[in-house]
Amino acid sequence: MNNHDIILRYLSATGAKKFVPRAALIDMDGTLYDSMPNHATAWHTLATEIGIPTTREEFFLYEGATGAYTLCRLFNRAFGRDATPDEIKRLYKRKTELFAAQPAVGLMPGAMRLLEFFKQAGTERIVVTGSGQDTVISRLTTDFPGLIYADKIITARDVTKGKPDPEPYLMGMKLAGVSPAEAIVIENAPLGVMAGHRSGAFTVGVTTGPIPRAEMEKAGADIVYDSMEQCAAEMPALFSEMSSVTLK
C-alpha cells in the first residue's frame, strides 16, 4: 500500500478530514535508544531471582508498559494475583539496579536524523515513555540537544494508566496542544502501538527488535518500517504526501 492510500485509510477510520502532524510523540526505549536488550536482560534476571519462569525475548513484548504493569502481569501468571504496592516498589527498584549495572546504551541508529527532520518540519517533539528509570531519561536533553526538552517528556511517573492504555499519548497531545489528527506516534512494540492507535493518532510501528512486523500491524500500526533508519529516510515522503490527501 502506498503512502497516499495509508493516509486515506487513517482518515477514513478516524473520520478526520485531514492529517497535519504538528507534534511527534516518540517512545524512548527501542526507538531513541538501543536499550531494549538491557531491559530484557534485567527483567529476565529479576524474574529468575523471584522464581518466575520467563524467556528473555518475551520482555520485548512488554516494552512501553510501566513496571507495575509488567510485574502484575508476571505475578498473575505465576501466582494468580497482582503484585502488591510494596512488592512493586521493591522489585522495580531491583530491576532498575540490574539495568544500571549493564553497559550504557547507545543511540538508536536513525533516531537523530528523524528528530532533526521533525524539527525542520516544524513538528514539536514529545517523548512518551513507559519507563521511570533516570539512567536513560536524564540523558535525553544532552544526547539530543535542541531536539528534546525537559518539559516535553512524559514518563511512567506522570500517568495513572500506562501503555497499552492511550492515556500517555493523550497526555502528550495535551502537552503539545494538538488533536489526535495533528499527532504522529513513533513506537517499536505492540503495547505502545496499541496505545497510539487507541489515542486516535497516526501510529508508526518500527521493528527494532525481535517482534515481527505482523504484530505491529495487528496492534493497529498505520504503517510499519523495518528500522529507525528506514523510518527517518522515508518520513519526508510520508509528510509530503499528507499535504495532498483530504477526506471528501
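Aspartate 222 is buried, with a relative accessible area of 10%. Buried means under 20% relative accessible area, exposed over 50%, and partly exposed in between, with a 1.4 Å probe and protein chains only. I start there, and I will come back to that residue.

First, the ground rules. This is a predicted model: local features need pLDDT of at least 70, side-chain atom pairs count only at pLDDT 80 or more, and totals for chains, interfaces and linings use all residues. Residues are numbered from 1 along each chain as its sequence is written, and side-chain values use heavy atoms, with hydrogens and water left out.

Now the overall picture. The chain has 11 helices and six strands. These are DSSP runs, numbered from the N terminus: helices are H or I with at least four residues, strands are E with at least two. The radius of gyration is 18 Å, close to the 18 Å from the globule rule for 248 residues, so the chain is as compact as a globular protein of that length. That radius is taken over C-alpha atoms, and the rule is 2.2 Å times the number of residues to the power 0.38. Along its principal axes, the C-alpha trace spans about 55 × 35 × 30 Å.

How much of the chain is buried? Of the 248 residues, 54%. Contact means heavy atoms within 4.5 Å. Take contacts between residues at least 6 apart in sequence: 67% of them join residues at least 24 apart.

In what order do the strands run? The open sheet reads 3-2-1-4-5-6, and the pairing is parallel. Strand 3 (153-154) and strand 6 (223-225) stand at the edges with a single partner each, so one side of each has no neighbour in the sheet. Two strands pair if DSSP finds at least two bridges between them.

Strand 1 (residues 23-26) runs parallel to strand 4, and four bridges join them. Leucine 25 stands opposite valine 185 in strand 4. Strand 4 is also joined to strand 5 by four bridges, again parallel. There, valine 185 stands opposite threonine 203.

Five of its five residues are buried, so strand 5 is largely enclosed by the rest of the structure. In a regular strand the side chains alternate between the two faces of the sheet. Here, Phe202, Val204 and Val206 point one way, Thr203 and Gly205 the other, and all are buried.

Back to aspartate 222. Where does aspartate 222 sit? In the loop between helix 10 and strand 6. Its C-alpha atom is 5.4 Å from that of threonine 203, 19 residues apart along the chain. Leaving out residues up to four places away in sequence, aspartate 222 touches Ile6, Arg9, Tyr10, Ala201, Phe202 and Thr203.

Next, helix 9 (residues 190-199). Seven of its 10 residues are buried, so helix 9 is largely enclosed by the rest of the structure. The buried ones are Pro190, Leu191, Gly192, Val193, Ala195, Gly196 and Ser199. What covers them? The cover includes helix 3 (67-79), helix 8 (167-176), strand 4 (183-187), strand 5 (202-206) and helix 10 (213-219). Just after helix 9, glycine 200 takes a positive phi of about 95°.

Now the strand 3 end. Threonine 129 lies in the loop between strand 2 (124-128) and helix 6 (134-137). Threonine 129 is buried, at 3% relative accessible area. Beyond four places in sequence, threonine 129 touches Asp27, Met28, Asp29, Ile137, Ile154, Thr155, Ala156 and Lys163.

Two of those names come up again. Take Lys163. The peptide bond from lysine 163 to proline 164 is cis, with omega near 20°. Most residues other than glycine have a negative phi, and most peptide bonds are trans. Proline 164 lies in the loop between strand 3 and helix 8.

Then Ile154. Methionine 171, in helix 8, is in contact with Ile154, Asp158 and Val159, leaving aside neighbours within four places in sequence. Is methionine 171 buried or partly exposed? Partly exposed, at 27%.
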